[in-house]
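Have the structure open and follow along.

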Amino acid sequence: MISVSVRKKYQSSLIDINFETDEPGITAIFGRSGAGKTSLIDMIAGITRPDQGFIKIDDQVLFDSAADISLKPELRNIGYVFQDARLFPHMTVKKNLLFGWNHRETGLRRIDLEDVVDVLGLDKLLERSPVRLSGGEAQRVQFGRAILSNPKLLLMDEPLSSLDHQHRQEILPFIERLRDEFKIPILYVSHAMDEIIRLADKLLILENGRVAADGGVEELTGRLDLRPLTGRYEAGSVISAVIVEHDRDYAISHLEFPGGVLRVPLMEGDPGTQVRIRIRARDVSVSKTAPSDVSELNIFPAKIVEIASPSANDLPHCDTLIDIGVPLWVRLTRLSIKNLDLKPGDEAFALIKGTSVDRQNLAIRKGQDHA
Amino acid sequence: MFSPEELEVLGLSLKVSLWATFLSLPAGICVAWILARYNFPGKILLDGIIHLPLVLPPVVIGYLLLVFLNPNSPMGQFLKALNFEIAFTWIGAALAAGIMAFPLMVRAIRLSLEAVDEKLEMAARTLGAGPLSLFFSVTLPLITPGIIAGSILAFARSLGEFGATITFVSNIPGETRTLPLAVYTLTQTPNGETAAYRLVIISIAISLIALAISEIASRRAKKRLGFER
């Protein structure tokens, strides 16, 4: 359990953040630049000192202004993955990896070099100088170095922001593996919603130094009132599901979710594996009568929950929230809404194209208890 | 190849300069650290005092040393009680040379300290490194090029030290007569030119060797730190 309540006044802004998380997985901290994301984790790491408040991990007090306690960063046992890799240039990759490990008491070394080298695929890099690593390799080494310090909590400050799109896609699976293998709680700062949806379970949205919202990723990304904050990525919905079976003849996987069974292109993972999928609002359509003879593989009875007013009058579409057992965003034209005379409360059918769920929209999780 | 007198002068010069360099190195690192990392009232004054040997006539430094450390001064008496004589000994020559070279040493180390990325040090702290471990495992290795450059500069400056040395410890053959003092003495001696030329050539050779060693060492250190490939 991590509990944070901090307040700090800067020249032109104020940080005033309270939150708690007991999530063993990844809690994403999302917000625009200047929202206070990095300031918050710097306070947790002990790099910046809050004016007031407390920071606790389980029973250990890291900071408490009332009791005048403020542990130095080296005593907090919190790993920090920086935006820039910050590897020590005078050491080999291996020595970099072992730096934090060497500073831990022997009895607290739960994770060893071999574990990390294996999970992060670092075996060929060990004897190299950090100067000769690519950006993605350097970040992987930095992950390993932080994990090997056997921290109670891992902070990541936009660890992918210095990489190009392709390298980001290569690194994401490694972060997933870290999350699932080592079970260290992670606070993941990002302003990229696609990363968050893929990696995180819990979401903390910051705005102007305050908590704007705090909750599950599925819930918050579906909330209409948060769209001005979360809506900088393409509109869509996040659904947790479990693989039921694979139909290898047609290369289709069956996923069970609270609304029924979803059929998507064949994906990795054995039956029983938890997955999270994202369905873009534009890949869903709505029919007022039960459709037949249509190509869409996935048809679910739905209820119209809310029709958002368009953000500008000259836009053709309105995002509409429907309920198919889980909330689902649909992007409809204003004309269709008028033609079908759709109103909140109406019964309808949602049609989701099987091909709309592609590999990039999938996040596989090995651990359980994420449903 | 060398006459016994030349060997004596050469050996004494190397001894004095090496001691001057080694003794001022730890102090140089400390002072450079303080100047690079801290702001405090009187910093400008401290900086000024350390740089004085660079701007004062060396004779003035030598004279001040003589005033404070001569055998009859309180400090001189105290050192004599400890059976430790500085004035008119090679130790005094090393002290004079070390003081004259100190600002060069501090400047080189300070520059490299200021170039150390404090983000790296913060990363080391989040990995559990306390102040001592941080210094020895991260900061010190990162400033080795500066330490090498500073030490070679200080060594070369010590080798050439003349004014403060002759004023403080005089020009005693076998005790304080280093290379520059020997050259000076020979130029003042009738028919001493040939011997003086020989010493001049030796001086040039030593200086070139020192510079070459410095270049090679700092290249190696930089390569190890990844500044060059």
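## Starting from a strand pair

Let's begin at A:Asn298, which sits opposite A:Ile352 of E20(A). Keep in mind that this is a predicted model. The two strands involved are E17 (residues 298-307) and E20 (residues 347-352) of chain A, and they run antiparallel with 6 bridges between them.

As a reminder, strands of a sheet pair through backbone hydrogen bonds, in either a parallel or an antiparallel way.

## A hairpin in chain A

Chain A also has a hairpin to look at: E13(A) is joined to E14(A) through 2 residues. Strand E13 covers residues 252-257 and strand E14 covers residues 260-265 of chain A, and the two pair in the antiparallel sense over 6 bridges. If you want a landmark here, pick A:Glu256, which stands opposite A:Val261 in E14(A).

## Around A:Leu220

Is A:Leu220 buried or exposed? It has 22 C-beta neighbours inside 10 Å, and the cut-off for calling a residue buried is 20 or more, so A:Leu220 counts as buried. You'll find A:Leu220 in helix H8 (residues 217-222) of chain A.

Who does A:Leu220 touch? Leaving out residues up to four places away in sequence, its contacts are A:Leu203, A:Ile205, A:Ala213, A:Gly215, A:Leu226 and A:Thr230. Take A:Leu203 from that list: A:Leu203 and A:Leu220 are 17 residues apart along the chain, and 7.4 Å separates their C-alpha atoms.

Now over to chain B, which has 11 helices and 0 strands. Its pattern along the sequence is simply α-α-α-α-α-α-α-α-α-α-α. Along the principal axes, the C-alpha atoms of chain B fill a box of roughly 70 × 45 × 30 Å.

Of the 229 residues in chain B, 37% are buried. Look at chain B contacts between residues at least 6 apart in sequence, and 75% of them join residues at least 24 apart.

## The largest nonpolar core

The largest nonpolar core has 150 residues, and the members that touch the most other members are A:Leu155, A:Tyr188, A:Ala350 and B:Ala96. The biggest contribution to this core comes from helix H5 (residues 90-115) of chain B, with 15 residues.

What does B:Ala96 touch, not counting residues up to four places away in sequence? The answer is B:Gly62, B:Leu65, B:Glu161, B:Ala164, B:Thr165, B:Phe168 and B:Val169.

## Where the chains touch

Finally, the contact between the chains: 18 residues of chain B are in contact with 20 residues of chain A. On the chain B side, helix H6 (118-126), helix H7 (131-142) and helix H11 (193-225) each supply at least two residues. H6(B) gives the most, with 7 residues. Sorted by class, the side of chain B that touches chain A has 10 nonpolar, 5 polar and 3 charged residues.

How values were computed. Residues numbered from 1 in each chain as written. Chains lettered and ligands numbered in written order. Predicted model: local features only at pLDDT ≥ 70, side-chain atom pairs only at ≥ 80, totals over all residues. Helix = DSSP H or I, 4+ residues; strand = E, 2+ residues; numbered from the N terminus. Buried ≥ 20, exposed ≤ 12 C-beta atoms within 10 Å, placed from the backbone. Contact = placed C-beta atoms within 7 Å. Nonpolar A, V, L, I, M, F, W, Y, C, P; charged D, E, K, R; others polar. Pairing = 2+ DSSP bridges. Core = buried A, V, L, I, M, F, W, Y, C linked by C-beta atoms within 7 Å.
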